[in-house]
Amino acid sequence: MSGDLGAAEAIVHEAVGRRVTIATAESLTAGMVCSVLGAVSGASGALQGGIVAYQNSVKTAVLGVDAALLDEVGSVDARVALAMSAGACRVLDADFAVATTGVAGPLAHDGKPVGTVFVAVTAPGHSEVAEYHFAGNREQIRQKTTAASLELLLTFLRAQTE
């Protein structure tokens, strides 16, 4: 978690310094990414909030993920992650948002094996998604996803605000 906190501190520092806001939309991490960001002193200067959208009904009702897309591909998909991050930007009025969806286990989900994860980052006019395949138990996969989410958000934040 100390590595996560380092990335989170860098994110908050970058966001506050550039006067941009950040938000999260999380499924398999269930708020872990937002929690790590919120643990940073000064996070209130950038962190708008986070949405835990564990169920598809919440992804649809709160984040605006298309129900037909969820019916077609399931919740573990790059397009779903992108829709979640875009929804978090819109709902939480944030400049940047990161979203997580995937399979932490112990069983496969939506036809995807354990360890399959999608992380998306969205900013005005641009978004990006990364696919990961993590090994480990449920908690390890969730921790690895949190770390990957913070690293992707930091990289994206630095690239988009230079």
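Let me begin with what I mean by a pocket: on a 1 Å grid over the protein atoms alone, a pocket is an open set of points where a 1.4 Å probe fits, with protein on both sides within 12 Å along at least five of seven lines, and its lining residues have an atom within 4 Å of a point. Rolling a probe the size of a water molecule over the atoms shows where empty space is left.

Two notes on the source, then. This is a predicted model, in which local features need pLDDT of at least 70 and side-chain atom pairs count only at pLDDT 80 or more, while totals for chains, interfaces and linings use all residues. Residues are numbered from 1 along each chain as its sequence is written, and side-chain values use heavy atoms, with hydrogens and water left out.

So, to the pocket. The largest pocket has a volume of about 270 Å³, where volume is the space filled by probe spheres set on the grid points, which are joined across faces, edges and corners. Its lining consists of 16 residues, and Ser27, Tyr54, Ser75, Gly102 and His109 are the ones nearest the centre. Helix H3 (56-61) and strand S3 each give at least two residues to that lining. When I say helix or strand, I mean DSSP runs numbered from the N terminus: H or I of at least four residues for helices, E of at least two for strands.

Let's move to the sheet. What is the order of the strands in the open sheet? The order is S2-S1-S3-S4-S5, with mixed pairing; two strands pair if DSSP finds at least two bridges between them. Strand S2 (47-52) and strand S5 (126-133) each have a single partner strand, so one side of each is left without a neighbour in the sheet. On average, neighbouring strands are turned by 15° against each other, direction ignored. For angles, axes are lines fitted to C-alpha atoms, for helices over the stretch in contact, and the values run from 0 to 180 degrees between N-to-C directions.

Now the individual pairings. Strand S1 (residues 22-26) pairs with S2 in the parallel sense over 5 bridges, and here Thr24 stands opposite Gly50. S1 also pairs with S3 in the parallel sense, again over 5 bridges, with Ile22 opposite Phe96.

Helix H5 (residues 78-91) touches S1, S2, S3, strand S4 (116-123) and S5, and its direction makes about 145° with that of S3; contact means heavy atoms within 4.5 Å. Helix H6 lies across S3, S4 and S5, at about 25° to S4.

How many residues of S3 are buried? The count is 7 of the 7, so S3 is largely enclosed by the rest of the structure. Buried means under 20% relative accessible area, exposed means over 50%, and partly exposed is in between, using a 1.4 Å probe and protein chains only. Both faces of S3 are covered: Phe96, Val98, Thr100 and Gly102 are buried on one side, and Ala97, Ala99 and Thr101 on the other.

Phe96 brings me to the aromatics. The structure holds 2 aromatic pairs. Rings of Phe, Tyr and Trp (its six-membered ring) pair if their centres lie within 6.5 Å; planes under 30 degrees apart are stacked, over 60 edge-to-face, and the rest tilted. The rings of Phe96 and Phe156 have centres 6.2 Å apart and planes at 85°, so this pair is edge-to-face. It links distant parts of the chain, with Phe96 in strand S3 (residues 96-102) and Phe156 in helix H6 (residues 138-160), 60 residues apart. Phe96 is buried at 3% relative accessible area, and Phe156 is buried at 4%. The pair of Tyr132 and Phe134 is stacked, 5.2 Å centre to centre with 10° between the planes.

Last, some backbone details. The loop between S3 and S4 holds Pro106, and the peptide bond from Gly105 to Pro106 is cis, with omega near 20°. Asp110 lies in the loop between S3 and S4 and has a positive phi of about 55° although it is not a glycine. Arg19, in the loop between helix H1 (2-18) and S1, has a positive phi near 60° and is exposed, at 77% relative accessibility.
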